[in-house]
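Look at the sequence and the model first, and then read on.

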Amino acid sequence: MEGATVTESGRVGAEPEAKRIDIISDTHGHLSPALLEQLEGADLIIHAGDITSEMDWEHLCAIAPIRGVLGNNDYYRDYGPEVQRLALFTYEGLRFAVAHYREDLPVDDVDVAVCGHTHRSRVLEMGGCLVVNPGSATFPRGSRGATMARMMVSAGEVLSLKIIDLE
């Protein structure tokens, strides 16, 4: 019975399929070919702000469903009414918060918190919350090049999380 699980009732059921979340930030009006190639096949894209291009937002929306927030360079852009300073949502049984600034994240109330702004990738745990900064997909700071993050989730669990180098 490969690929199946037995439930408490003894019934055989399909294993829950993992979903792929690609996490990006600080694209600043440029979606590189390397980034676009990595995003193909994502089940969800999270953008932690500083998109700075309505055309790029539309391009990302055509690749996969997207949840995004406004960065400090986005306030005069129009990505639609759902793109605000903070996004709170549930996906695959996990509670997410997304904000451009780490300080704006309600880490005590969610399972996964995503931020950007620093242009440096970082992953840490704060209490029971996994905090992810994917770095910048376009203009990195520090010695590491352009990056994004990829998370695999299923049934309320983070199965894996990795930072992906785009260069």
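Q: What makes Arg77 count as buried, partly exposed or exposed?
A: This is a predicted model, in which local features need pLDDT of at least 70 and side-chain atom pairs count only at pLDDT 80 or more, whereas totals for chains, interfaces and linings use all residues. Residues are numbered from 1 along each chain as its sequence is written, and side-chain values use heavy atoms, with hydrogens and water left out. Buried means under 20% relative accessible area, exposed means over 50%, and partly exposed is in between (1.4 Å probe, protein chains only). Arg77 has 25% relative accessibility, so Arg77 counts as partly exposed.

Q: Why is Glu54 said to form a salt bridge with Arg77?
A: A salt bridge is defined as a side-chain nitrogen of Lys or Arg within 4 Å of a carboxyl oxygen of Asp or Glu. The closest N and O atoms of Glu54 and Arg77 are 3.9 Å apart, and therefore the pair meets the rule. Glu54 is in helix α2 and Arg77 in the loop between β5 (66-68) and β6 (86-91), 23 residues apart; helices (H or I, at least four residues) and strands (E, at least two) are DSSP runs, numbered from the N terminus.

Q: How do you know that Asp22 and Arg150 are buried?
A: Asp22 has 0% relative accessibility and therefore counts as buried, and Arg150, at 13%, counts as buried because its value too falls under the cut-off of 20%.

Q: What do Asp22 and Arg150 tie together?
A: Their side chains meet in a salt bridge (2.8 Å, N to O). Asp22 lies in strand β3 (residues 19-24) and Arg150 in strand β11, so the pair ties together parts that are 128 residues apart in sequence. Asp22 also meets Arg20 in a salt bridge, with 2.8 Å from N to O, and Arg20, Asp22 and Arg150 are linked in a network of salt bridges.

Q: Why is Thr138 called buried?
A: Thr138 has 14% relative accessibility, which is under 20%, and so Thr138 counts as buried. The place of Thr138 is in the loop between β10 (129-134) and β11 (147-154). Leaving aside neighbours within four places in sequence, Thr138 is in contact (heavy atoms within 4.5 Å) with Asp26, Thr27, His30 and Ala146.
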